[in-house]
Amino acid sequence: MNPFVDLPSPLATVSPVIVALDFHDERSVLEFISRLEPGSCRLKVGKELFTATGPHLVQTLVARGFEVFLDLKFHDIPNTVASACKVAADLGVWMVDVHASGGRRMIEAAREALDTQSARPLLIAVTVLTSMDASDLAEIGLSDPAGQVSRLAALAQSSGADGVVCSAQEAPLLRGERGPAFKLVTPGIRLADSAADDQRRVMTPSAAIAAGSDYLVIGRPITRADEPFAVLQRINAEVAQARGAQ
Ligand SMILES: O=c1ccn([C@@H]2O[C@H](COP(=O)(O)O)[C@@H](O)[C@H]2O)c(=O)[nH]1
């Protein structure tokens with residue numbers, strides 16, 4: 001049972017869950033998605049899968065009806081990032097991302113390049129990786145995660161980004177500061193009984209929805225589970241209930 005099918009609005013039929021396809025071969029991905037329907041989740045292609053399989057698989061996922069987040073976290077000089085975003089948009093993806101710390105001119109160049117596309121993907125800027133905590137930030141000369149996330153999100157919004165990647169722990173702060181339309185994409189989602197792995201700023205799916213996340217990026221708790229589709233179903237039910245309670 002998928003709680004996100006048979007809802008009145010076409011947009012409401014898609015779960016806020018984005019499954020991180022952190023696999024290293026095409027066969028595993030095709031096998032995995034053969035058991036999914038596009039209404040039950042979106043898909044994320046990151047560095048591991050893209051490096052292993054390239055743009056062709058991204059196009060296959062798009063052709064099968066999935067909304068795809070191409071998570072390559074571009075971070076380079078403005079011209080290079082703008083060109084990369086344009087090529088990514090040509091693949092038909094729904095969302096692309098850049099590092100907010102690449103600065104205003106880089107983000108603006110990415111947005112300008114995407115604005116030339118007929119179907120523009122959402123442009124999202126990564127603030128502070130969810131694997132980092134205050135001690136990691138201290139080692140690179142920065143202070144508390146929330147302050148840094150807040151500064152980078154302000155920069156991202158005023159430079160033309162549609163939203164940011166942050167931890168759900170920062171969602172209430174950013175929702176207040178950046179308004180209701182700014183997209184909050186939150187990895188570091190863990191079920192109450194799952195291991196945090198290398199993630200540091202974590203939250204459960206229902207708490208993340210209650211905190212104001214728009215999209216929950218979830219990898220290992222689903223893809224490495226003994227019953228991945230049962231876990232996805234459980235998460236979808238949990239977030240549908242959390243949304244209903246809002
Ligand atoms: O701050 C960030 C930005 C991106 N990610 C990506 O999300 C998934 C999370 O996977 P899990 O297995 O659920 O930890 C992964 O692809 C990361 O590259 C992130 O975790 N944090």
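**Helix 11 and its neighbours**

I began with what the buried residues of helix 11 touch: they pack against strand 1 (17-20), helix 9 (205-211), strand 8 (215-218) and helix 10 (220-223). A reminder to myself that this is a predicted model.

Next I asked which residues of helix 11 are the buried ones. I found Leu-232, Ile-235, Asn-236 and Val-239. Looking down the axis of helix 11, I saw these buried residues fall within an arc of 105 degrees, so they line one face of the helix. I then turned to the other side of helix 11, where Ala-230 and Gly-244 are exposed.

I also checked the length of helix 11. It runs over residues 228-244, and at 1.5 Å a residue its 17 residues should span 24 Å. The end C-alpha atoms of helix 11 are 24 Å apart, which agrees.

**Helix 4 with helix 5**

I looked up how helix 4 (residues 78-90) meets helix 5 (residues 104-115): their axes come within 8 Å and cross at roughly 30 degrees. The crossing of helix 4 past helix 5 is right-handed. On the helix 4 side I jotted down contact residues including Val-81, Ala-82, Cys-85 and Ala-89, and on the helix 5 side Met-106, Ala-109, Ala-110 and Ala-113 are among them. Sorted by class, this contact has 10 nonpolar, two polar and three charged residues.

**Helix 7 with helix 8**

Helix 7 (residues 145-158) and helix 8 (residues 171-178) pack at an angle of about 35 degrees, and I noted their axes as 10 Å apart. Is the crossing of helix 7 past helix 8 left-handed or right-handed? I have it down as right-handed. Helix 7 brings Ala-146, Ser-150, Ala-153 and Gln-157 to the contact, while helix 8 brings Leu-173, Leu-174, Glu-177 and Arg-178. I sorted the residues of this contact into four nonpolar, two polar and two charged.

Last, I looked at positive phi in residues other than glycine. Lys-73 has a phi near 45 degrees, and I placed this residue in strand 3. Is Lys-73 buried, exposed or partly exposed? I counted 17 other C-beta atoms within 10 Å of Lys-73, which makes it partly exposed, since a buried residue needs 20 or more and an exposed one has 12 or fewer.

Asp-197 also went in the notebook, with a positive phi near 55 degrees. I found Asp-197 in the loop between strand 7 (183-186) and helix 9. Asp-197 has 14 C-beta neighbours inside 10 Å, so I filed it as partly exposed.

Terms used
Residues numbered from 1 in each chain as written. Predicted model: local features only at pLDDT ≥ 70, side-chain atom pairs only at ≥ 80, totals over all residues. Helix = DSSP H or I, 4+ residues; strand = E, 2+ residues; numbered from the N terminus. Expected span 1.5 Å × (residues − 1). Arc of directions from axis to C-beta. Contact = placed C-beta atoms within 7 Å. Axes fitted to C-alpha atoms, helices over the stretch in contact; angles between N-to-C directions. Left-handed = near helix turned anticlockwise from the far one by under 90°. Nonpolar A, V, L, I, M, F, W, Y, C, P; charged D, E, K, R; others polar.
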